[in-house]
Amino acid sequence: MLEIDNVTKYFNRGTVNEVLALNGLSLSVREGDFITVIGSNGAGKSTTLTCIAGGFTPDSGSIRIKDENITNWPEFRRAAFIGRVFQDPLKGTCASASIEQNMALALRRGKPRGLSKGVKDKDRPWFREQLATLGLGLENRLKDTAGLLSGGQRQALTMLMATMERPDILLLDEHTAALDPKTANQILELTHTIVETQKLTTLMVTHNMHQALNFGNRLIMLDRGEVILDVGGEEKRNLTVEDLLQRFYALRGEAMGSDKLLLG
Amino acid sequence: MTWYAFYGALEQGFVYGLLVLGVYLTFRVLDFPDLTVDGSLPLGAAVSSVAITSGVNPYLSLILAMGAGFLAGMVTGILNTKFRILHLLASILTMIALYSINIRIMGRPNLTLLGADTVLDSVSGLGLPPFIASPMLFAGFCIVAVAVLVWFLHTEMGLTLLATGDNAQMITAQGVNTHNVIIFGVGLSNALAALSGALIAQNQGAADVNMGVGTIVAGLASVIVGETVFGSRTIARAMIAAILGSVTYRLAIALALGLKLGSFSFTPSDLNLITSILVIAALVSPQLKRKFRK
Ligand SMILES: Nc1ncnc2c1ncn2[C@@H]1O[C@H](COP(=O)(O)OP(=O)(O)O)[C@@H](O)[C@H]1O
Ligand SMILES: [Mg+2]
C-alpha cells in the first residue's frame, strides 16, 4: 500500500544548522492499517508525514503508494491518494469560503476542475447528511463561512473533508493537540468512527501514549529519524504505557528517566 | 461640479472600473499585489490602437488587447511561481519591460486614432449625446464583466482561485496546482486592465505609453473606497462595490479639482497627493469608527 524505503531528509544541509530529520527511515504500511505514531519532540514524525504528502522531497530513498513511485511527485499530484488533517485547525479549511464551498472543493480532491457549478445542488443533501453526523448543528449552516466556526468545528469539518472522497491513505498529524480536552476527545471519537467504518489506511501522530495504545492496530515509535519500535496485533493490545517507556529507554540505551521526553 | 464634469467622472469611473475589477482579483481574491497593470493598461491601448489603424474591427481589437494583457499577467505569474521571484518585484519587472514593448508595438510613444472607427461609434448611432452615451457603454462593459466574473468565481475552477488566495496549503492538499492558478489569475486580472486601456484609448482617440503611470494606485484606491463605502460581504457585492468605488473615486477627484478656496485650487498634478490621502482616509476610517464606538 505505502512503502517508505530508506528515506533520508536533511534540513539546512551543509550549514551549521544542519539537521538530519529522517535517518534512513523505512516503513511498510499495509492496506487497512491504522498506525499510531509516537516519539519525542523532533523525532521526525511530522517530517515523515510531510514527505509522504509531498511537502518535502527526500534527499535519498523512495516512497511508493499503490505501486506508484511518487518520490518526486509534486504535492498537489499526490493529493489524489491522500487525505490530510493538520495540527492547526485553521490550515484545513478556507476561512473566507462557505462550509458548502469547502466541502465542494474537497469533493473534487485529485480530480480535474472545470466550469461547472462549484457547489452542485445535487450534493447539498449529502453535505447536510454528512455534517449532521458531527452533531454540531453545522448541517443548518451550509452558507456560513468557515471562518465563523470554532477551532473544534473547523477540525471536525476538515476531518469530513479529508475523508468524504475516500483517500487511499489518511495522514493525521497531532490533529487534536491544539484543541481543548473535551473537543479533542470528540474529534478523536469522530476519527475512530470514520476510520473504522470506511476501513481507511491511516497514520495518526499523537503525543498522547494512551491514545497511541487505545487506537489503531499497529504502533510505531520514531526516534532521531528512525523507526525504533513497530508493534501490532496481540502484542500491541497487551502493551501498557510503562512497557512503552521501558522499551523506549532500553532502545535508546539510556537509563529510565522522565517520561517527559517521550510524551513531548 | 458642472454636469459636464459629472458625466466625465462617470465615464472615467466605468472605463477604469474594468481595471479595478482586475485589481480586486489580484489584491483581494488572490492576495497577490500586482503592479503589472501600470504596463498592461497601456499595452491594451497600444494593441487595440495598432489593430484599429490596421483596419481590424474595434471590438475584435478589444479581444486582441485582452489576449496581450493576459500574456503579460502570465509572465508575472510565471516569474513569481516558477522562478520564485517576489510577487511585487516580478510585477515591477514585467511592468518595466512592457514600457519598451509598448513603444515597439506602436512604433513610437503614442498613436492617435482620430477619424478611425471605435466601439463608441456603435452607441453614437442611438441618438444620445456622446457625454451620456459613453458612460452608458462603459457601464455596460462593467455589468457584463461583473456577471462573468461572479459566474466564474462560483465554478469549480473559480473556487480554486478563491482558495489559493485564502489558504494555499489547504487547496494544495485538495490536489490543485496553485502555480497554475496564480498564473491564470494574474493573467485574467491583466486582461481586464488591458481591456480598460483599450477602451480608454478608443474613447480619448489616442494611446500613449505613459498613460499607465499610477494606474495601480488609482485602482487600489477605488477598491478600498468601494469596500469601505459599499461593503464586501459576498463576491458579487464586493465586485459591484469595486465598480462603484471606481466611480466614487473619479467623482471625488472631479470634486477636488473643481474646488476653489479663495485663490487656491487643485491642479491635475495634485492628483497623486489627493489619491494617497483618499486611500489613507479609507484605510484609517474603520479604525476611527471602532475608536469612537468605545
Ligand atoms: N522546515 C524545517 N527547517 C529546519 N528544520 C526542521 C524543519 N522541520 C523540521 N525540522 C527539524 O527536523 C527535526 C524533526 O522535526 P519534526 O519532524 O517536526 O519532529 P516531530 O517528531 O516533533 O514532528 C527537528 O529537529 C526539527 O527541528
Ligand atoms: Mg510534529
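Predicted model: local features only at pLDDT ≥ 70, side-chain atom pairs only at ≥ 80, totals over all residues.
Reader: How do you know that the side chain of Ser46(A) makes a polar contact with ligand 1?

Author: An N or O atom in the side chain of Ser46(A) is 2.8 Å from an oxygen atom of ligand 1.

Reader: Which elements give two or more residues to the shell around ligand 1?

Author: They are β2 (19–29) and α1 (45–53) of chain A. The largest share, three residues, comes from α1(A). Among the surrounding residues are Phe11(A), Asn12(A), Val19(A), Lys45(A) and Thr47(A).

Reader: Why is one residue of the shell around ligand 1 called charged?

Author: The shell includes Lys45(A), and Lys counts as charged, so this residue belongs to that class. By class, the shell has four nonpolar, seven polar and one charged residues.

Reader: Why is the pair of Glu156(B) and Lys120(A) called a salt bridge?

Author: The closest N and O atoms of Glu156(B) and Lys120(A) are 2.6 Å apart. The rule asks for a side-chain nitrogen of Lys or Arg within 4 Å of a carboxyl oxygen of Asp or Glu, so the pair is called a salt bridge. Across the interface of chain A and chain B, the rule finds two salt bridges. The count of residue pairs in polar contact between these chains is 13.

Reader: Which elements of chain A give two or more residues to the side that touches chain B?

Author: These are α2 (75–78) and α3 (99–107). The largest share of that side, four residues, comes from α3(A).

Reader: What is the area that chain A and chain B bury between them?

Author: The two chains bury about 2100 Å², 60% of it on carbon and sulfur atoms. Phe76(A), Arg113(A) and Leu115(A) supply 29% of the area that chain A buries against chain B, more than any other three residues.

Definitions and conventions. Residues numbered from 1 in each chain as written. Chains lettered and ligands numbered in written order. Heavy atoms only, no water. Near = heavy atom within 4 Å. Polar contact = N/O pair within 3.5 Å; in protein donor to acceptor, adjacent residues only side chain to side chain. Buried area = accessible area lost by both parts, 1.4 Å probe.
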